[in-house]
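Q: I'd like to learn how to read a model like this one, feature by feature. Where do we start?

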Amino acid sequence: MNKLVKAFVKLTLILCLVSQSVQAKESKELTADQLPVLKQDPIHEVVTRRVTNFFTQSHYRNFALDGAFSAKIFDRYFKLLDANKAIFIQSDIDKFRNKQEQLGTELLDGNLQTAYEIYNLSLKKRFERYQYALALLKQPMDFSTNDEIDFKRDDMAWPASEQELDDYWKKRVKYDELSLALSGKNETQIRETLTKRYDRVLKTLTQSNTEDAFQLFMNAFAREIDPHTSYLAPRKKRDFDSEMSLSFEGIGATLSQEDDYTVIMSFVTGGPAEKSKQLAIGDKIIGVGQSNTPIEDVIGWRLDDIVDKIRGPKGTTVKLEILPAGNKSKPKIVELTRDKIHFEDREAKLKVIDNQRGKVGVIEIPSFYMGLTDKVAHLLEQANRDNLQGIVIDLRDNGGGSLAEVIALTGLFIDKGPVVQVRDNLQKVTVYDDKNKGIEYTGPIVVMVNRYSASASEIFAAAMQDYGRAVIVGETTYGKGTVQTSRNISYPVDARLHPEWPELGGVQYTVQKFYRINGGSTQLKGVEPDIEMIKTKYVDETGERYLDNAMPWDKVPSAEYKPVANVATMLPSLKSQHLARIAKNPEFVYLEEDITRYNDKKDREYLVSLNKAKREADQKANDDRDLKRINERLTRAGLQNVTKLEDVPKDFKVPDPYLDEAVEITLDLAPKYHKIENPKAESNISEMKIISLDAPVK
């Protein structure tokens, strides 16, 4: 399963991990007798029946909530409770195997007795494991062995015995100890830190509540239908609505929970986290502090509580202790000033790049928000006045947005005609046309995409490709060809009939699939670029095709359309010029080296050494390589070299080789490209139903 999307699943589900501030002194010893025995809240019976009705009656995928489907929910529930196969053994699952086919009936009835019995067992088993971890802290620490820990355990068989789990936890505790040792802590400090951490986990387990169990099981049901279907608990629904309003205060990052860690999933363009250039997707937040307080270890905290600790008023400072992506680096401290995250921060922007060969406009589109087309039309007026040789439309990392905006935006570059086809759960196909005559920009266009460009981005790139209107460059896109809708679980009459009811939350589920005008789906396959930006591809698991239960690829009949330009005849020459350039470009040489090194270690990606000397040597090699490269960049920029990475000037910007090369491809295309005919516009953009196309990794 895709790593980033696995993490996203864990964002919307709450694993029974951790939070609460701790005292300086070790907490009073807790016992398993203090664990709650959770039972279903009466209101959850109502919620269960309504959610089940939404999913069974309105979802795009037709499925029967029968014994076979129930058994799949059963397996997924255990995986969500124990993604790393770290607390259950095979006999624990076998105890409930005779009930696996009755889960569907329980959902229809609103009685989740089996789900709660399993969840209560998970609390007990997790409690026992952290008690064992505390006992291991008393043993001598030895970082000289050649042990390794394998973090890719989701595809493994369930452990056969408690002894097998003991062996894994010995390595897991040693990994925690070594991580702190690499940050400079001695044995006494390591034991103190980890004792507090593990005690905090135990305390939080004793504070588990019925909502924790309920939302985890309901999402096991939702994810078994498809990867983009979910139940939103009341708090999650409020966070979702806040995010959709695009106006909140914080650092502008989307977080998720993976094992005991909080992981950065994505950034809001223009937010403090993105602007800092000190954070990356996949980084783990292991500590949080305020401007006037020390950093507090947050490994194992409940995600909601970590988010509350990071959020804060505009202008205040938050300190984050970061473990860079990969589990193999030493931690670093990053300070960010919180800001108001505005709608404008995600607006499309135009910048003009003027090099020795000519001027090219770059329009960056971070999402397909409402009002995007009007903004881009204004930017195109500026581009036309500047007499540019072409434009680059940058859709990298653009996860989607409004279907209406995709159609209207495409209409700025074609006269009229179909843009996308949509099929609903009744198998009815609707063709959405651009009915706005006239073209706002008739010159050459290059569209940049990467493996995180998804949904609405793929509609736009596919339409521009099918019309022959633009050259698509970059990587094959994500492959999300489905449309989701969100609904409140409460009915309008509930407030009058049941004023005593609490908030009921919401659901998000798939209702449609979309298709290219040539009839093919972007689902799973994505959009293949006309020019691959780099010769070597990442061998990773990014994309819809790696998600459990993803909708299949299929096609519908082609819509009636006529290509308006033919860039295909220009591609051989554009490709040869591109390959000649990147072979001599040091930034692309770096990229090739990095991708090759990543691919070569793909089989060992999740294996982490528990040998301190080896980890330090690996880190030094990484730092030496980074220092060598940064000095080569500084030399090319005519700047002074540095002796350590911390001395790099704060305002120095590392080149964006993909963007630079897209500009060069545009300049190669310009003399070969003949402007298309531009009929006079006769009407305004027509109104159409607004449908949201959800981003895949959020």
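A: Let's start with burial: a residue counts as buried when its relative accessible area is under 20%, and as exposed when that value is over 50%. Keep in mind that this is a predicted model. With that cut-off, look at helix H14 (residues 403-411): nine of its nine residues are buried.

Q: Which residues of H14 are buried?
A: They are Leu403, Ala404, Glu405, Val406, Ile407, Ala408, Leu409, Thr410 and Gly411.

Q: What caps the N-terminal end of H14?
A: That's serine 402, with a side-chain oxygen 3.2 Å from the backbone nitrogen of alanine 404. You'll find a cap on H8 too: asparagine 186 sits at its N-terminal end, and a side-chain oxygen there lies 3.2 Å from the backbone nitrogen of threonine 188.

Q: How do I read the span of H8 from its first C-alpha to its last?
A: Compare it with what 1.5 Å a residue would give. H8 (residues 187-206) has 20 residues and reaches 29 Å, close to the expected 28 Å.

Q: Now charges. Why would two side chains pair up?
A: Opposite charges can pair when the charged atoms come close. Here the count comes to 44 salt bridges. Take arginine 633 and glutamate 587, whose closest N and O atoms are 2.8 Å apart.

Q: Are arginine 633 and glutamate 587 buried or exposed?
A: Both are buried. Another buried partner is aspartate 394, at 7% relative accessible area; its side chain meets that of arginine 396 in a salt bridge at 2.9 Å, N to O.

Q: What about a salt bridge inside one helix?
A: Here's the general idea: an α-helix has 3.6 residues a turn, so residues three or four places apart point the same way. In H19, lysine 620 and aspartate 624 are four residues apart, about one helical turn. Their side chains meet in a salt bridge at 2.8 Å, N to O. Lysine 620 counts as exposed at 52% relative accessibility, while aspartate 624 is partly exposed at 37%.

Q: Which residues are linked in a network of salt bridges?
A: Asp92, Lys95, Lys125, Arg129, Glu162 and Asp166.

Q: And which residues form a nonpolar patch on the surface?
A: Check Tyr491, Val493 and Leu497, which together have about 260 Å² of accessible area. Leucine 497 is in helix H16 (residues 494-497) and is partly exposed, at 48% relative accessible area.

Technical notes:
Residues are numbered from 1 along each chain as its sequence is written. This is a predicted model: local features need pLDDT of at least 70, side-chain atom pairs count only at pLDDT 80 or more; totals for chains, interfaces and linings use all residues. Side-chain values use heavy atoms; hydrogens and water are left out. Patches are made of residues with over 30% relative accessible area and no salt bridge: like charges are joined within 9 Å, nonpolar side chains (Val, Leu, Ile, Met, Phe, Trp, Tyr) within 5 Å. Accessible areas come from the Shrake-Rupley method with a 1.4 Å probe; for residues, only the protein chains shown count as cover. A salt bridge is a side-chain nitrogen of Lys or Arg within 4 Å of a carboxyl oxygen of Asp or Glu. Helices (H or I, at least four residues) and strands (E, at least two) are DSSP runs, numbered from the N terminus. Buried means under 20% relative accessible area, exposed over 50%, partly exposed in between (1.4 Å probe, protein chains only). The expected span of a helix is 1.5 Å times one less than its number of residues. A polar contact is a pair of N or O atoms within 3.5 Å; within protein, one must be able to donate a hydrogen and the other to accept it, and residues adjacent in sequence count only if both atoms are side-chain atoms.
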